[in-house]
Amino acid sequence: GVVHMSVRSCSITTGTPCNAPRGAATCVVMSSESDASVLRCSVDQPDCFALLFDRHFAQVHRYLRRRLGDELAAELAAETFLRAFRSRRRFTGVEASVLAWLYGIAANLVRMNHRTEERRLRAYARAAAGLSAYEPASAVEDRLDAEALGPALALALAGLSPALREVLVLHAWAELSHDEIAEALGCSHAA
């Protein structure tokens, strides 16, 4: 059968390595390999971390875009993966927790920018109803999110403490379970 593999950051389906430069270190990882296993591999073979980036960047970026808007999302998503890469040796999570760990790093970055988020939620509450045909897709998505929230809910979110707001949006927007939220925030399930 066909074997799906990732070599460095290129996905292939032939089972043979991609055309990496001669002498370059390559990381051959089966696409079904767990995130935690790939992360452990990346400690000795840093190129393997690219697979985690490929698997999860879009989810982390989408979460950050919904929290902070386009201006900060790309920057903080990149910062999330940079911090994860730098601290990958200290990762002690279980097999399925790499994405929750990444969301935890992203959530910490969001907390650092919570005043911007609070202003954004208040702006959602004041958002005008008209949509321009020339609005970028991300702006339309943000506007639809604001309309779905409704002004009262946006104000309520803005009025929550940063910690409670973080729990709520990790569940609603990142679709994390209670256990994953606890792990992302570094607290007990009961907290």
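**Entry 1: terms and overview**

I count as a helix a DSSP run of H or I with at least four residues, numbered from the N terminus. I note that the model I am reading is predicted.

I looked up the elements of the protein chain and found eight helices and three strands. I then read their order from the N terminus: β-β-β-α-α-α-α-α-α-α-α. The chain has 191 residues, and 39% of them are buried. I looked up the accessible surface next. It comes to about 10,600 Å² for the protein chain, and carbon and sulfur atoms hold 56% of that. I also checked contacts between residues at least 6 apart in sequence: 53% of these join residues at least 24 apart.

**Entry 2: the loop between α7 and α8**

I started with Glu 175. Where does Glu 175 sit? I found Glu 175 in the loop between α7 (162-172) and α8 (178-185). Is Glu 175 buried or exposed? Its relative accessibility is 67%, and the cut-off for exposed is over 50%, so Glu 175 counts as exposed. I looked at the backbone too. Phi of Glu 175 is near 55°, which is positive although the residue is not glycine.

I left aside neighbours within four places in sequence and listed the contacts of Glu 175: Leu 170 and Glu 180. I also checked Glu 175 against Tyr 63, which is 112 residues away along the chain. Their C-alpha atoms are separated by 9.7 Å.

I moved to Ala 174, which is also placed in the loop between α7 and α8. At 11% relative accessibility, Ala 174 falls under the 20% cut-off and therefore counts as buried. What does Ala 174 touch, not counting residues up to four places away in sequence? I found Tyr 63, Tyr 103 and Val 169. Ala 174 and Leu 64 are 110 residues apart along the chain, and I read 9.4 Å between their C-alpha atoms.

**Entry 3: α1 against α2**

I recalled how such pairs are described: two packed helices are given by the angle between their axes and the distance between the axes. I looked up helix α1 (residues 35-44) and helix α2 (residues 49-68). They pack at an angle of about 145°, and their axes are 8 Å apart.

Which residues make the contact? From α1 I listed Asp 35, Val 38, Leu 39 and Ser 42. From α2 I listed Phe 49, Leu 51, Leu 52, Arg 55 and His 56. I sorted the residues of this contact by type: five are nonpolar, two polar and two charged.

I picked out Val 38, a residue of helix α1. Its relative accessibility is 0%, so Val 38 counts as buried.

**Entry 4: helix α3**

I looked up helix α3 (residues 70-86), which has 17 residues. From its first C-alpha to its last, α3 reaches 25 Å, close to the 24 Å expected at 1.5 Å a residue.

Which residues of α3 are buried? I listed Leu 72, Ala 73, Leu 76, Ala 77, Thr 80, Phe 81 and Ala 84. Looking down the axis of α3, I saw these buried residues fall within an arc of 160°, so they line one face of the helix. An α-helix has 3.6 residues a turn, so residues three or four places apart point the same way. I then checked the face of α3 turned away from its buried side. There I found exposed residues: Glu 71, Glu 75 and Arg 86.

**Entry 5: Gly 104 in α4**

I placed Gly 104 in helix α4 (residues 98-112). With a relative accessible area of 4%, Gly 104 is buried. I checked Gly 104 against Thr 80, 24 residues apart in sequence, and read 9.1 Å from C-alpha to C-alpha. Thr 80 is one of the buried residues of α3.

Terms used:
Residues numbered from 1 in each chain as written. Predicted model: local features only at pLDDT ≥ 70, side-chain atom pairs only at ≥ 80, totals over all residues. Heavy atoms only, no water. Helix = DSSP H or I, 4+ residues; strand = E, 2+ residues; numbered from the N terminus. Buried < 20%, exposed > 50% of the residue type's maximum accessible area, 1.4 Å probe, protein only. Contact = heavy atoms within 4.5 Å. Areas by Shrake-Rupley, 256 points an atom, 1.4 Å probe, with all protein chains shown as cover. Expected span 1.5 Å × (residues − 1). Arc of directions from axis to C-beta. Axes fitted to C-alpha atoms, helices over the stretch in contact; angles between N-to-C directions. Nonpolar A, V, L, I, M, F, W, Y, C, P; charged D, E, K, R; others polar.
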